[in-house]
Amino acid sequence: MVNLSGCDQIKMKFYGVFREGSQINQVICAVLINLPVLAYGASIGWTSPMTLLLQSDHSPKSVPLTDKEVSFMASAPYLVCIVSDLMMAYIGDKVGRKITLLLISMALATSWIILLCSFETWALIFARALVGVTMAGCFVVCPIYTKEISDDTIRGALGCLVVLFQTTGNLFLYIIGDLLSYRTILWVCLSLPTIHMIIFVFMPDSPSYLVKKGRIEEATKALAWLRCRSISDMKVQEEIDFIKKEQNKDKGANRFLLKSIFTDKILFKAFQIALVVTLAREVCGAIPVLNFAGEIFTLASKDRGLVLTPNQQAMLLGVVQVVGSILASSVVERCGRKPLLFVTSLVSGLSMCLLGSWFLLRDYEIQAPSWLPLMTLCICIFCDASGLQPISIVLASEIFSYKYRGIVMGVTMAMASVSDFLQLLFFKPLAKAVGIHVSFFFFGLVCLVTAAYVILVIPETKARCLEDIYKDLKKNKTVEEKEATEIKEEITRF
C-alpha cells in the first residue's frame, strides 16, 4: 500500500499558509519527481571533468584509463538506455510511477557506491551502464508522472522542469569538478539520490495510476492534497470522474497497445507527432555540437585571445543551457507549445546553417569572423534547452491517454537513444569523410523541416483536454484524406 499519512501531515501544514486551491503542493511534488533528473544531470556532467582526471598521470586509479576504456564508459549508458526505456514504461504501468521513481534513484545510488568501492575498469563501465537505467526513467517516467499530478494551467511549466533539472545537474557537476576531490564528488553525487529516496516516500502516487488500479479512495486523497482542497470538494470529485471517464474510453482497446496505435488513425497521427518531435530533438545537432565544442572554441580563440580550459568551456555551455531551460519553464504557459517549438526550431536551423557556412568558408581559406562559430554554438545549445528538448517531452506526454502514455514514451525514447548512440559513434568519422560543413547543413535542414512540420501538423496543446486535441488531429486527417482523394481523381482523369 502507498503511504499517504505523510501527505496528510504535509497537507495540514501547507493549508495553514497557502489558500485553498493553491498549486504549491503540485510544485513541491513536481520538484521532488524531477530530483532524480538533477542527479542524472550530475552523473552525465561527471564524465567531462572526471575522464580528464582518470586519463591523467594523477589518476586515482594509479594507471590512466585508455581511450578505448573511456569510450566504453561514455557509450554504456546510451546502450543500456535503449532497452531500459521500454522496461521503465512497463514497470511504471505495472507497479506505479512512485515505486518506479524510487527504483530509478536506487539504481543511480548503486552506481555511485560502485565507483566509491572500486577503481577496476569493469566496475567503472558497469557503474556508468547503470546510469542508462536512470536516464531511461528520467525521460520516460518523470514527464508522465509530472503531467499526471499537474493542473492543465501549469502542466507545461512543470513539464519543462525535466530539462531545467538536467542542465542544472550538468552545471553543478562542472563547477564542483573544478573545486572538489574525486572521492568528495562521488559522496556529493551519492547524497542526491539518497535524499530523494528518503523524502519521496511521503509523496503520493499518480492519481491516474491509483484510479487505474481501483484505489479510488487513495486517488481522491492524493488529488485533494495536490490541489490543496478537502477530499469532499466537488472539484476533486469532478477530476476523479474525468480520469475514470478517460480510462473507460480505453477499456475496449486491444491489449497489444502498439497494434491499437497503428490501427487507429488518430492515435497513429499522435504517435507520428511524438516520434517526429522526439527524433528532431535528438538530430537537431546539439549532441554532436557539444562533443565538437572543444575544437570550435579552439578555432574561435585564434585571433580573439579567448582561452578556456575544457571544463570552463563545459561550464559556459552549461550556463547557456540552464538559462534556456529557465526561459522555457517561464514562458511555455504564456506563449504555448507550438510557437515556442517553431521559433526554437527555426532559429536553431538557421544557426546550424550559419555554422556550416563558416566551416565551408574556412575550407576554401576565406576569412570569416572567428566569433561566429562561438555565437552559433551558444544559440544552438540555447534553442535546444529552451524549446526543442522541453517542448518535445511535454508534447509527447500530453497527446495520449493514460493507457498509451507509457508505451509511447518508452518507444520514442528508445529510438532517441539509438539515434544518440549512432551520432556519437559516427559523427566524427563522417565529418572527416564528407566535411564538417555537410554535417551542420544536415542538422540545419532537419531543424528547418521540423519548424515547417510544427506549423503544418502539430496542434496547440496548452491547457487543452485530450478530446479537444484529438478533434484538431481528426480535422487535419480529414483534410489530408480529402486532398489525397482529389489527387487520385486528377490522376485517374489523365
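Is C228 buried or exposed at 2% relative accessibility? The answer is given in Figure 1. The model is predicted, and local features need pLDDT of at least 70, side-chain atom pairs count only at pLDDT 80 or more, and totals for chains, interfaces and linings use all residues. Residues are numbered from 1 along each chain as its sequence is written, and side-chain values use heavy atoms, with hydrogens and water left out.

**Figure 1**
C228 sits in the loop between α11 (216–226) and α12 (234–249); helices are DSSP runs of H or I with at least four residues, numbered from the N terminus. With a relative accessibility of 2%, C228 counts as buried (buried is under 20% relative accessible area, exposed over 50%, partly exposed in between, with a 1.4 Å probe and protein chains only). The loop between α20 and α21 (466–493) holds A463, which is partly exposed at a relative accessible area of 42%.

**Figure 1. The contact of helices α4 and α6.**
Two packed helices are described by the angle between their axes and the distance between the axes. Here α4 (residues 67–95) and α6 (residues 121–149) have axes that come within 6 Å and cross at roughly 40°. Axes are lines fitted to C-alpha atoms, for helices over the stretch in contact, and angles run from 0 to 180 degrees between N-to-C directions.

**Figure 2. The kink in helix α18 and the residue P390.**
Helix α18 (residues 371–398) has 28 residues and reaches 40 Å from its first C-alpha to its last, close to the 40 Å expected at 1.5 Å a residue; the expected span is 1.5 Å times one less than the number of residues. A kink of about 45° in α18 is centred on D384, where the bend is the angle between axes fitted to the seven residues ending there and the seven starting there. Of the 28 residues of α18, 24 are buried, so the helix is largely enclosed by the rest of the structure. P390 lies in α18 and is buried, with a relative accessible area of 1%. Not counting residues up to four places away in sequence, P390 touches C160, V163, A328, D384 and A385 (contact means heavy atoms within 4.5 Å). P390 and L161 are 229 residues apart in sequence, with 8.0 Å between their C-alpha atoms.

**Figure 3. Surroundings of Q166 and S401.**
Q166, in helix α8 (residues 161–179), is buried at a relative accessible area of 11%. Leaving out residues up to four places away in sequence, Q166 touches V37, Y40, G41, F139 and Q389. S401 belongs to the loop between α18 and α19 (402–434) and is buried, with a relative accessible area of 5%. Apart from neighbours within four places in sequence, S401 is in contact with E246, D250, L466 and Y470.

Technical notes. Helix = DSSP H or I, 4+ residues; strand = E, 2+ residues; numbered from the N terminus.
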